Amino acid sequence: MVRRCIERIFILGVFVSTALPGIVGAQVIGGVVRDSGTSAPVSGAVVFLLDLNRQPLSRTLTSSSGAFRLRVEGSAILRVLRIGYTPHEQRIDGNAGTALTIALVPLDNTLRPVTVNTQPVCPARRDQGEALAIWASAT
């Protein structure tokens, strides 16, 4: 029984000694992504962590409350992307462990006018009613 207990302690020690350096070296960077105009949380934004050579290290999505968390070692670049917003980048120090608030600037949502043409493109066919009946039964 004592031998088994010693074996378990030894195995636990080996596990901790191999896993601990990776855990201790990395810090958790987290925060909230918000709309710069309304301060509303931006959900579904992609938060990238890039090394200083702009190579991807990790990524995550913001939650419904705009929150995110990533592990980082040392200095890195944090990049946030979301459709409808200007991309945001900032350099961070992974050892700081501070909570970030990122304000994304909305893009101009003005669309060009659309012209609708009501002319039929396809000629009418005699079996059109049959084709529409088949389509209706399939959907």
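How many helices and strands are there in the protein? Two helices and seven strands. Helices (H or I, at least four residues) and strands (E, at least two) are DSSP runs, numbered from the N terminus. From that end, the order is α-β-β-β-β-β-β-β-α.

Some ground rules. This is a predicted model, where local features need pLDDT of at least 70, side-chain atom pairs count only at pLDDT 80 or more, and totals for chains, interfaces and linings use all residues. Residues are numbered from 1 along each chain as its sequence is written, and side-chain values use heavy atoms, with hydrogens and water left out.

Now the overall numbers. The protein has 139 residues, and 19% of them are buried. Buried is under 20% relative accessible area, exposed is over 50%, and partly exposed is in between (1.4 Å probe, protein chains only). Take contacts (heavy atoms within 4.5 Å). Among those between residues at least 6 apart in sequence, 49% join residues at least 24 apart.

Next, the hairpin. Strand 2, residues 46-50, runs antiparallel to strand 3, with five bridges joining them. Two strands pair if DSSP finds at least two bridges between them. Val-46 sits opposite Leu-61 in strand 3. Five residues separate the two strands, and Arg-54 in the turn has a positive phi of about 70°. Strand 3 covers residues 56-61; zero of its six residues are buried, so it lies largely in the open.

Stay with Arg-54. Which residue forms a salt bridge with Arg-54? Glu-89, with the closest N and O atoms 2.6 Å apart. Glu-89 is in strand 6, residues 88-93, and Arg-54 is in the loop between strands 2 and 3, so the pair ties together parts 35 residues apart in sequence. A salt bridge here is a side-chain nitrogen of Lys or Arg within 4 Å of a carboxyl oxygen of Asp or Glu. Glu-89 also meets Arg-79 in a salt bridge, at 2.9 Å, N to O. That pair links strand 5, residues 75-81, to strand 6, ten residues apart. Relative accessibility is 35% for Glu-89, 41% for Arg-54 and 27% for Arg-79.

Last, Asp-35, in strand 1, residues 27-35. Asp-35 is buried, yet has no salt bridge; Arg-82, the nearest side chain of opposite charge, is 9.6 Å away. The Asp-35 side chain does reach the backbone nitrogen of Gly-37, at 2.7 Å. Beyond four places in sequence, its contacts are Ala-40, Val-42, Tyr-85, Leu-104 and Pro-106.

Methods:
Lys, Arg positive; Asp, Glu negative; His and termini not counted. Polar contact = N/O pair within 3.5 Å; in protein donor to acceptor, adjacent residues only side chain to side chain.
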